[in-house]
Amino acid sequence: MDAHERGYFTEEDSVAVVTGRNANAKDERLREVMEVITRKLHEAVKEIEPTEAEWFEAIQFLTKTGHLCNDWRQEFILLSDVLGVSMLVDAINNRKPSGASESTVLGPFHVADAPVREMGANICLDAKGENMVVHGRILDTDGKPIEGAVIDVWQANDEGFYDVQQKGIQPDFNLRGVFRTGADGSYWFKAVKPKFYPIPDDGTVGKLLGALGRHPYRPAHLHYIIKADGFETLTTHIFDPDDPYINSDAVFGVKQSLLAEFKRTSDPERARELEFAGDFWDVEHDFVLAPAKG
Ligand code: BEZ
Ligand code: FE
């Protein structure tokens, strides 16, 4: 019998006995991760002292969560999102130098092959919603414009739905586009003002939120992935600070620096240039990319 096989399980020695059994793990990182998880999990169980019925309910919750997952739906990622774990992993992996734009969650509605559009194009393909122009610059941390930055943008419509949630109702690739900056690093495109929306809440995660007295809403936002040679890729959003859910995002994605100003604008001449009939929303936001690591 090896040393790690000695010791029978007791309430007091539970962590040492279980982690000791993993001494011959083939992968050191796995052994280390399981040591931490075992320690924290046993600590939680000792503090909570669940009844057997409660523990079975927890197992059933996780079983149902797994059954909801398929190629289109990932209930476990949603669970990680509402527990704040997705944002924590994002924060740990995207520590930025001072002055660089902050990241936030990718979310499940990104589409890899969105069309490349001419700068200034309207990404709203069904003319529904309040007109909006979005513009700004892609800069480095010295404030210099980045030429050739690729901006992949996507957003929900004025009713809070992405095109992929309303196939046959919204045109394919509605409110999505890929733009490339010129020498001045500037970008601009036309769209419609997005609306807040609920994360998918008809499954175990929605039920958990309800039981916790939490709503499932995300405040109105635009998603961006910005890539440029020699820079870290930035996955982020900009948010409408006047949204009713801005202080209670279901997935904790809001950061102070990601609040943009959505200005209601009455300017007939500019509206004419933009081919907008009447007032529109004007959103200006610059993004600063961090230099690529090593
Ligand atoms: C989103 O913003 O698209 C999103 C993020 C996390 C969970 C659900 C949706
Ligand atoms: Fe979103």
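Two strands count as paired here if DSSP finds at least two bridges between them. The strands themselves, like the helices, are DSSP runs numbered from the N terminus: at least two residues of E for a strand, at least four of H or I for a helix. With that in hand, take Ile225: its bridge partner in strand 8 is Thr235.

Before going further, a word on what you're looking at. This is a predicted model, in which local features need pLDDT of at least 70 and side-chain atom pairs count only at pLDDT 80 or more, while totals for chains, interfaces and linings use all residues. Residues are numbered from 1 along each chain as its sequence is written, chains are lettered from A and ligands numbered from 1 in the order in which they are written, and side-chain values use heavy atoms, with hydrogens and water left out.

Now the overall picture. The protein chain has seven helices and eleven strands, and its C-alpha atoms fill a box of roughly 85 × 45 × 30 Å along the principal axes. Contact means heavy atoms within 4.5 Å. Among contacts between residues at least 6 apart in sequence, 70% join residues at least 24 apart.

Four strands make an open sheet in the order 3-2-7-8, with antiparallel pairing. Strand 3 (176–180) and strand 8 (234–239) are the edges, each pairing on one side only. On average, neighbouring strands are turned by 20° against each other, direction ignored; the axes behind that value are lines fitted to C-alpha atoms (for helices, over the stretch in contact), with angles running from 0 to 180 degrees between N-to-C directions.

Strand 2 (residues 150–155) pairs with strand 7 over six bridges, and Ile151 has Ile226 as its bridge partner. Strand 8 is also joined to strand 7 by six bridges, again antiparallel. Strands 7 and 8 form a hairpin with six residues between them, and Gly230 in the turn has a positive phi of about 85°. Strand 7 is largely enclosed by the rest of the structure, because six of its seven residues are buried.

That leads on to the nonpolar cores. A core here is a set of buried Ala, Val, Leu, Ile, Met, Phe, Trp, Tyr and Cys residues joined through side-chain atoms within 4.5 Å. The largest has 27 residues, and Ile138, Phe189, Leu222, Tyr224 and Ile226 have the most contacts inside it. Elements giving two or more residues to this core include strand 1 (131–140), strand 2, strand 7 and strand 10 (280–284). Strand 4 gives the largest share, four residues. Phe189 touches, among others, Met132, Val153, Phe179, Leu222 and Tyr224, leaving out residues up to four places away in sequence. A second, separate core of ten residues includes Val82, Val105, Ile199 and Val251.

Where does ligand 1 sit? The residues around ligand 1, each with a heavy atom within 4 Å of it, include Leu78, Asp81, Phe109, Tyr162, Ile199, His221 and Val251.

His110 is found in the loop between helix 5 (85–93) and strand 1, and counts as partly exposed because its relative accessibility is 26%. Beyond its neighbours within four places in sequence, His110 is in contact with Asp152, Trp154, Arg176 and Ile225. The side chains of His110 and Asp152 are joined by a polar contact of 2.8 Å, that is, a pair of N or O atoms within 3.5 Å; within protein, one must be able to donate a hydrogen and the other to accept it, and residues adjacent in sequence count only if both atoms are side-chain atoms.

Finally, helix 6 (residues 204–211) has Thr204, Val205, Gly206 and Leu209 as its buried residues. Helix 3 (52–67) and helix 4 (75–82) are among what covers them. Just after helix 6, Gly213 takes a positive phi of about 75°.

Note on methods:
Buried < 20%, exposed > 50% of the residue type's maximum accessible area, 1.4 Å probe, protein only.
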